[in-house]
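Subject: The structure I promised you

Hi,

Here is the structure we talked about. Have a look at it first, then read my notes below.

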Number of protein chains: 2
Amino acid sequence: MREPTFFVLASLADGRKHGYGIIKDAESLSDGRVILKVGTLYAALDRLQAEGLVVAAGDEIVSGRLRRYFELTEPGAASLAAESERQALNARRAQDRLKQRAARVTAVTA
Amino acid sequence: MREPTFFVLASLADGRKHGYGIIKDAESLSDGRVILKVGTLYAALDRLQAEGLVVAAGDEIVSGRLRRYFELTEPGAASLAAESERQALNARRAQDRLKQRAARVTAVTA
DNA sequence: TGATATATATCGACGTTCGTAGTATCGTCG
DNA sequence: CGACGATACTACGAACGTCGATATATATCA
């Protein structure tokens, strides 16, 4: 799973949201690092819906503008959980190696 | 950065390696989850070399077979460090949300 | 009146990965 | 002695997810 998709799920883990709301939430959740493009978002939403990780949760019209809401399904939550565990583990493994490397480099340089 | 690329760098953080060695190391480092395809590996190696994250570290002929060695550069190590920090943070954020969600779901169900 | 924020839709282009096939050597098992 | 699996690299088309641009429309503020 790529980062944009990951943040779509993470955003919806917080509760029911509409497209634009997901974009803004992903931005704040990632400290401004992940700015979802609209093309990416709706493509991801369609895909995730087809996979059953997300479901449409009603359309609303707020001040003349259409809002399409979405929410996370249980499989979606499970998928996000698995993905974040995997990333956490990968990160730990890489960081361990980098620590060993740093120790080696220091030893050689010293 | 995608997972296969990440593991190529992580593998080389351990020291100088040749293509096939990277594939085997990535596999064990990821507990068998990441099986690099040869096409992916050499494409990644070419790309990472062009970006200066990896350098060729000599060719050798071992029992009639060519081995192309590679090693991580300092920018490569820095890039891997940045990427793993980012992933660790993303994972933490997602897990926090999932915990809150679980608490909500439990409360509603209970 | 024009810029900015809100809100969704679509489409071609691009980069990374996948899948497969090809070439070749070495060791092992039958 | 021949088949097979492991080792080792090269090459290429297909698939997938993301990007960037374009389009449409309303509300608000200067």
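**What I found**

In chain B, B:Val55 has B:Glu71 in β3(B) as its bridge partner. Strands and helices here are DSSP runs numbered from the N terminus, with at least two residues (E) for a strand and at least four (H or I) for a helix. Before you go on, note that this is a predicted model: local features need pLDDT of at least 70 and side-chain atom pairs count only at pLDDT 80 or more, while totals for chains, interfaces and linings use all residues. Residues are numbered from 1 along each chain as its sequence is written, and chains are lettered from A and ligands numbered from 1 in the order in which they are written.

Back to the sheet in chain B. B:Ala56 stands opposite B:Phe70 in β3(B). The two strands form a hairpin with two residues between them, and B:Ser63 in the turn has a positive phi of about 40 degrees.

β3 (residues 65-72) of chain B also runs antiparallel to β1 (residues 17-18), joined to it by two bridges. Here B:His18 has B:Tyr69 as its bridge partner. Put together, you get an open sheet of three strands in the order β1-β3-β2. β1 and β2 of chain B are at the edges with a single partner strand each, so one side of each has no neighbour in the sheet.

Next, the two chains. The contact (C-beta atoms, placed from the backbone, within 7 Å) takes 19 residues from chain B and 19 residues from chain A. On the side of chain B that touches chain A, α4(B) gives the most, with 14 residues.

Finally, the DNA. Which residues come nearest to DNA strand C? Of the 25 residues around it, they are A:Gly19, A:Gly39, B:Arg2, B:Gly39 and B:Gly64. Near means that the C-beta atom, placed from the backbone, lies within 6 Å. The largest share of this surface, six residues, comes from α3(B).

Cheers

Conventions: Contact = placed C-beta atoms within 7 Å. Pairing = 2+ DSSP bridges.
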